[in-house]
Amino acid sequence: MGGEAYNSSGLPPFILTGLPGLETSQHWLFLLLGVLYTISIAGNALILFIIKEEQSLHQPMYYFLSLLSGNDLGVSFSTLPTVLAVFCFHLREISFNSCMSQMFFIHLFSFMESGILLAMSFDRYVAICNPLRYSTVLTDARVVWMGVCVFLRSFCMIFPLPFLLKRLPFCKPNVLSHAYCLHPDLIRLPCGDTSINNIFGLSIVISTFGLDSALILLSYVLILHSVLAIASREERLKTLNTCVSHLCAVLVFYVPKVGVSMFARYGRHAPHYVHTLLSLIYLFVPPMLNPVIYSIKTKEIRRRLSKILPRTKF
């Protein structure tokens with residue numbers, strides 16, 4: 001593209017990449033990603049099916065879990081088309097509008113996951129700290145309202161991003177660093193002033209991931225304070241055990257997120273494929289591990305799975 005500037009309407013297609021420097025391993029990586037996709041899609045779909053069919057699971061905790069599973073399916077299906085195209089069919093071009101759409105949905109589901117995890121922490125807080133009010137605080141209508149709020153907040157945060165990018169001229173090589181479109185990757189390509197984009201991007205990250213993680217931490221401080229007031233050691237462990245699945249889901253989501261952010265800031269001299277691998281872990285591991293975690297740690301889901309898969313020992 002040289003030094004010539006293009007606006008969004010005249011921009012040539014973006015070029016997606018796999019793992020630079022590991023071209024000979026692309027097919028093996030695709031097999032690995034295929035396994036992750038299969039586990040993620042099948043696992044989350046199975047969780048949704050079990051919650052729908054099992055009347056005893058029609059409770060707020062499992063409604064939030066169904067939101068998490070549905071959101072994880074959204075993450076998987078958002079990246080699947082271009083990952084399949086790049087690693088399986090070696091098709092690397094993607095149009096500007098298609099790239100903007102994919103970026104929007106990937107970040108939308110990522111922001112929604114943070115909000116859903118926050119709602120689940122509130123569920124655990126009420127169940128442990130105010131058990132007598134649980135059924136009156138978390139009614140079905142309120143759970144629906146919380147889910148709608150999570151969606152609307154995420155949508156309003158992400159909606160301006162494509163339009164902020166479209167207003168900029170592009171004059172740098174249009175090669176992306178991943179097999180899918182991400183805002184931090186795209187913001188490197190325009191040759192105009194991107195200060196507004198950078199400020200807006202930082203502000204929405206702080207107001208969502210930063211605020212959500214702080215509130216989740218606060219909820220667990222209050223939960224721990226309440227649990228320590230229980231006299232019986234067995235009761236304390238039993239109560240804490242109800243939070244293990246959610247704590248694992250929080251760590252699975254936020255630890256890769258922090259790792260990607262820290263590496264982007266301090267790991268500039270590392271091989272580029274390391275950053276790409278971290279990004280893959282961030283997008284692929286949580287949707288794959290969440291159904292596994294909840295299947296192992298939730299007795300009701302485990303019991304239903306034993307009926308569906310009678311030969312499997314749980």
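Me: Hi! At what angle do α5 and helix α8 pack, and how far apart are their axes?
Reply: Hello! In this predicted model, α5 and helix α8 (residues 195–228) pack at an angle of about 160°, and their axes lie 10 Å apart.

Me: Okay, parallel or antiparallel, then?
Reply: Angles over 145 degrees count as roughly antiparallel, so α5 and α8 are roughly antiparallel to each other.

Me: And is that crossing left-handed or right-handed?
Reply: The α5 and α8 helices cross in a left-handed way.

Me: Which residues make the contact?
Reply: From α5 you have R153, M157 and I158, and from α8 there are F200, I204, S207, T208 and D212. Sorted by class, the contact of α5 with α8 has 4 nonpolar, 2 polar and 2 charged residues.

Me: Which hand does the crossing of α2 and α5 have?
Reply: The crossing of α2 and α5 is right-handed.

Me: Who meets whom between α2 and α5?
Reply: On the α2 side, look for P60, Y63, F64 and L67; they meet D140, V143, M146 and G147 in α5. The residues of the contact of α2 with α5 split into 6 nonpolar, 1 polar and 1 charged.

Me: I clicked on S154. Where is it?
Reply: S154 sits in helix α5.

Me: Is S154 buried or exposed?
Reply: Buried means under 20% relative accessible area, and S154 is at 0% relative accessibility, so S154 counts as buried.

Me: What is S154 in contact with?
Reply: Leaving aside neighbours within four places in sequence, S154 is in contact with L108, F111 and M112.

Me: Changing topic: how many residues are in the largest nonpolar core?
Reply: The largest nonpolar core has 76 residues. Those with the most contacts inside this core are F14, L117, Y180, L186 and F284.

Me: Which helix gives the most to that core?
Reply: Helix α3 (residues 96–129) gives the most, with 16 residues.

Me: Last one: what does Y180 touch?
Reply: Not counting residues up to four places away in sequence, Y180 touches L16, T79, T82, V83, Q102, I106, S279, L280, L283 and F284. Y180 and F284 are both among the residues with the most contacts inside the largest nonpolar core.

Key
Residues are numbered from 1 along each chain as its sequence is written. This is a predicted model: local features need pLDDT of at least 70, side-chain atom pairs count only at pLDDT 80 or more; totals for chains, interfaces and linings use all residues. Side-chain values use heavy atoms; hydrogens and water are left out. A crossing is left-handed if the near helix is turned anticlockwise from the far one by less than a right angle, and right-handed if clockwise. Helices (H or I, at least four residues) and strands (E, at least two) are DSSP runs, numbered from the N terminus. Contact means heavy atoms within 4.5 Å. Ala, Val, Leu, Ile, Met, Phe, Trp, Tyr, Cys and Pro count as nonpolar, Asp, Glu, Lys and Arg as charged, and the others, Gly among them, as polar. Axes are lines fitted to C-alpha atoms, for helices over the stretch in contact, and angles run from 0 to 180 degrees between N-to-C directions. Angles under 35 degrees count as roughly parallel, over 145 as roughly antiparallel, 65 to 115 as roughly perpendicular and the rest as oblique. Buried means under 20% relative accessible area, exposed over 50%, partly exposed in between (1.4 Å probe, protein chains only). A nonpolar core is a set of buried Ala, Val, Leu, Ile, Met, Phe, Trp, Tyr and Cys residues joined through side-chain atoms within 4.5 Å.
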